[in-house]
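Below is a short briefing on a structure, written for reading alongside the sequence and the coordinates. The points are grouped by topic.

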Amino acid sequence: MKIRRDRMLVYLAAILIGLWSIGPIYSLVIISLMDVRDVVAGYIYPYNPNINAYLRVIGFDVQGPYGFLRAYGGSKQLMQGLLNISIIAPTVMAITLIAAVPAGYALGRFRIGRLRSVLIMILLGTRSLPPVSVALPYFFLFTQLGLRSTLQGMIIIHLTITIPIVTWILMGFFAALPQDLEKAARIDGCGRLEALTKVVLPLAAPGIAASAIIAFLFSWNDFFYSWLLSQGTSAATYNAQLSGFFNFQNEPAMFAAAVTLQIIVAAIIASVLQKYITQLKIVDPGTVVVE
Amino acid sequence: MPRLTDRQLAIFLITPLIIFVATINLYPIGYSLWLSFNKVNLLENTATYVGTENYLKMGNDVFLTQSFLVSARFIIEATVLIIIISLLTALVLAQRFRGQSILKVLVILPWALSEFAVAIAGRFFLDRNYGFLNSLLKSTGLIKEGINFLNATFAVEWLAIFFAWNVAPLGAYFILSAIQTIPEDLYKQARIDGASYFSRFRNVTFPFIRYAILITGVLACILSTSSVVISFAMTGGGPGTASTPVTLYNFRVFFYNQDYGYGAAISWITLAAVVLLTIAYFRLLTVRR
């Protein structure tokens with residue numbers, strides 16, 4: 001009987017955690033699927049579900065259940081934002097890997113004494129620099145360099161965040177990989193670089209793939225820097241354009257639909273990533289490296 | 001071509017990163033330090049050295065004092081919530097049960113959302129007119145009229161709850177990976193000894209995950225101290241200034257009041273807090289567990 005009761009408790013806790021995790025997402029999605037009138041009427045499930053809000057957001061006029069509805073006025077800019085972030089995020093991902101894989105490998109694998117502690121400290125510092133502290137200097141710098149409201153500028157600002165984070169993660173990942181194979185390869189006459197490309201990189205492939213996804217996800221999700229440097233311009237990202245909905249308080253369905261579109265991509269990415277998260281030690285690669 | 005030694009190769013691989021990271025750290029920090037001792041006049045495009053005036057001004061700023069209290073509340077509540085939620089989630093995920101793999105995916109979802117999306121989800125969840133929570137309470141008959149959850153008294157608490165909702169999954173996964181390193185034998189032994197669940201948790205599980213919990217707590221502190229988007233997008237710092245943390249107030253001083261020197265001076269408080277926390281974090285990493 002006691003075991004039975006324990007099992008029940010585990011399932012109950014599991015259900016509660018599941019509800020906690022998806023509650024706010026569920027509420028966002030059902031609002032996006034309903035007409036404003038049904039939303040205000042207070043349904044807790046999608047009543048009269050339709051995709052009108054999504055169609056309006058991407059620029060179509062629709063015939064709703066309660067009459068004709070015009071397309072969202074800012075849909076052109078929003079779609080431009082989607083295009084922009086679709087260029088920015090993959091570029092950020094690629095450049096981050098080019099910079100972070102060698103650095104992460106070196107920091108995770110080599111014994112370079114005190115220099116490493118200092119570097120790790122700097123990486124950690126960069127990772128946790130408060131956005132507000134750097135906002136204004138970056139704003140002025142990017143304006144002066146002519147990088148504000150350009151795609152290149154957005155890519156650069158995202159790299160300032162993704163490179164330290166991904167280096168940090170990969171450092172831990174490389175350090176945790178078994179050393180023996182690499183040693184064996186070197187005894188057989190491979191140089192460091194050869195051992196890296198032929199032995200270590202294939203072993204590290206899942207970790208590198210997951211870090212790539214993390215870099216992409218950061219860029220895709222960034223609101224603060226995008227808003228700061230690109231809002232209201234042709235280089236504005238999808239997220240930055242979303243702030244335009246603050247002027248449409250009486251159209252919750254469209255706002256919810258636009259946010260849901262942004263979330264879907266992130267959610268798919270995260271559910272793929274989920275398998276690797278414990279393996280990657282994302283939270284704390286430092287535990288592996290710092291002795 | 002001479003063969004590089006390990007050390008040379010390592011330095012060769014790391015140097016670009018050092019330059020990059022040093023530049024992006026030093027430039028904004030140096031610039032904001034310089035700004036904080038100056039008064040900028042945008043019309044004439046000049047900066048005048050004013051010494052410590054910007055720092056002294058902080059003492060008389062009631063809005064700043066108020067935002068400090070909001071920040072303190074937000075940081076403490078968010079950190080405590082993150083620790084509790086991630087610990088509970090990890091303990092449940094460590095059990096074997098049907099649907100475990102589905103729950104693992106559900107748990108990670110809030111983490112995938114941007115801070116902005118979390119803020120908007122929070123808004124829609126709590127809205128007085130069409131929020132889900134109000135609809136739910138109304139349909140169960142508990143209330144008749146919609147409640148304004150994001151009121152002056154509790155707005156900060158809701159910010160902390162939604163911030164914790166966003167960050168806790170990472171802590172949960174981290175604590176979970178610590179739980180998975182516990183040898184199964186220890187539990188068997190404890191069960192044979194007839195230890196209760198709580199004594200098993202205290203004597204077997206806890207010593208293994210203590211460190212993970214501590215790290216989660218420090219990281220939660222760092223993240224909530226620098227957080228600005230959630231208050232900006234969920235409550236706009238309101239009603240009034242009731243949920244304006246230092247970071248958001250700082251942002252306003254910069255971009256609405258355009259008092260750059262003063263804003264730079266304020267930003268040094270957040271920066272100092274985060275630097276202290278980061279040092280604590282680094283010390284934790286080097287401490288023997």
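The notes that follow cover chain A, the side of it that touches chain B, and one helix pair between the two chains. The model is predicted. Chain A has 13 helices and two strands, and 77 of its residues are in contact with 79 residues of chain B.

**Chain A**

- Along the principal axes, the C-alpha atoms of chain A fill a box of roughly 75 × 70 × 35 Å.
- Chain A has 291 residues, and 46% of them are buried.
- Of the contacts in chain A between residues at least 6 apart in sequence, 71% join residues at least 24 apart.

**The side of chain A that touches chain B**

- Contact between the chains involves 77 residues of chain A and 79 of chain B.
- Helix 12 of chain A (residues 252-280) gives the most to this side, with 14 residues.
- By residue class, the side of chain A that touches chain B has 56 nonpolar, 18 polar and three charged residues.

**Helix 6 of chain A and helix 1 of chain B**

- Helix 6 of chain A makes the contact through Ser133(A), Val134(A), Leu136(A), Pro137(A), Tyr138(A) and Leu141(A).
- Helix 1 of chain B contributes Tyr27(B), Pro28(B), Tyr31(B) and Ser32(B).
- Eight residues of this helix contact are nonpolar, two are polar and none is charged.

Methods. Residues are numbered from 1 along each chain as its sequence is written. Chains are lettered from A and ligands numbered from 1 in the order in which they are written. This is a predicted model: local features need pLDDT of at least 70, side-chain atom pairs count only at pLDDT 80 or more; totals for chains, interfaces and linings use all residues. Two residues are in contact if their C-beta atoms, placed from the backbone, lie within 7 Å. Helices (H or I, at least four residues) and strands (E, at least two) are DSSP runs, numbered from the N terminus. Ala, Val, Leu, Ile, Met, Phe, Trp, Tyr, Cys and Pro count as nonpolar, Asp, Glu, Lys and Arg as charged, and the others, Gly among them, as polar. A residue is buried if 20 or more other C-beta atoms lie within 10 Å of its own, exposed if 12 or fewer, and partly exposed in between; C-beta atoms are placed from the backbone.
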